[in-house]
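Work through each task with the model in view, then compare your steps with the solution.

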Amino acid sequence: MELIQSFSVDHTRIIPGIFTSRVDRLGEHTVTTYDIRLKRPNREPVIDVAAMHSLEHIIATYLRNDPEWKDEVVYWGPMGCLTGFYLILKGSRKPEELYNLMLNAFSAVDSVEEVPGATAVNCGNYLMHNLEMAKWYAKEFADYLEENRDNGAIFEYPKTERLLTDDGQHFYDS
């Protein structure tokens, strides 16, 4: 089985940031998946599940209401590893072009008084939210983005190098 693109990222070297994960052509349309990474995989504690759920609701609502971006947003959701989110947009932009959007979205979490859609009618697990922790993680990431504004590494995905055997199989060392 072929290794999927998101597993070709060197998770031992990735830092928090905004990265292009993949670009896909769907007929005449292009969609781009971005990795919005808040935590260093396997080196930092992951984001609390209830806070992650709250951030999913808050940021998705923010993105789908932003006048400049709302028509480009296809999807916003958490990574299974709980170290960040995937953002899928129509078209293809450089990660640097998403900087202000992500900074503003995460900064806006601080002013939220109630998690949008956190009711039994609107959410599949409405009791699993933690707004205060969501605010803490959002501030941590927004501060990080501000501190690293001029650090190009927050936009560069570290790719792994996989050796191929003579018969074309990928070699993975331990």
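**Exercise 1.** Find how many aromatic pairs there are, and classify the pair of Phe19 and Tyr157.

Solution. Rings of Phe, Tyr and Trp (its six-membered ring) pair if their centres lie within 6.5 Å; planes under 30 degrees apart count as stacked, over 60 as edge-to-face and the rest as tilted. By this rule the count comes to 7 aromatic pairs. For Phe19 and Tyr157, the ring centres are 5.1 Å apart and the planes lie at 5°, so this pair is stacked. Helices (H or I, at least four residues) and strands (E, at least two) are DSSP runs, numbered from the N terminus.

A note on the source: this is a predicted model, in which local features need pLDDT of at least 70 and side-chain atom pairs count only at pLDDT 80 or more, while totals for chains, interfaces and linings use all residues. Residues are numbered from 1 along each chain as its sequence is written, and side-chain values use heavy atoms, leaving out hydrogens and water.

**Exercise 2.** Decide whether Phe19 is buried or exposed.

Solution. Buried means under 20% relative accessible area, exposed over 50%, partly exposed in between (1.4 Å probe, protein chains only). Phe19 has 0%, so Phe19 is buried. Tyr157, at 12%, also counts as buried.

**Exercise 3.** Classify the pair of Phe106 and Phe141.

Solution. Their ring centres are 4.9 Å apart with planes at 70°, so the pair is edge-to-face. Phe106 belongs to helix α2 (residues 99–108) and Phe141 to helix α3, 35 residues apart. Both Phe106 and Phe141 are buried.
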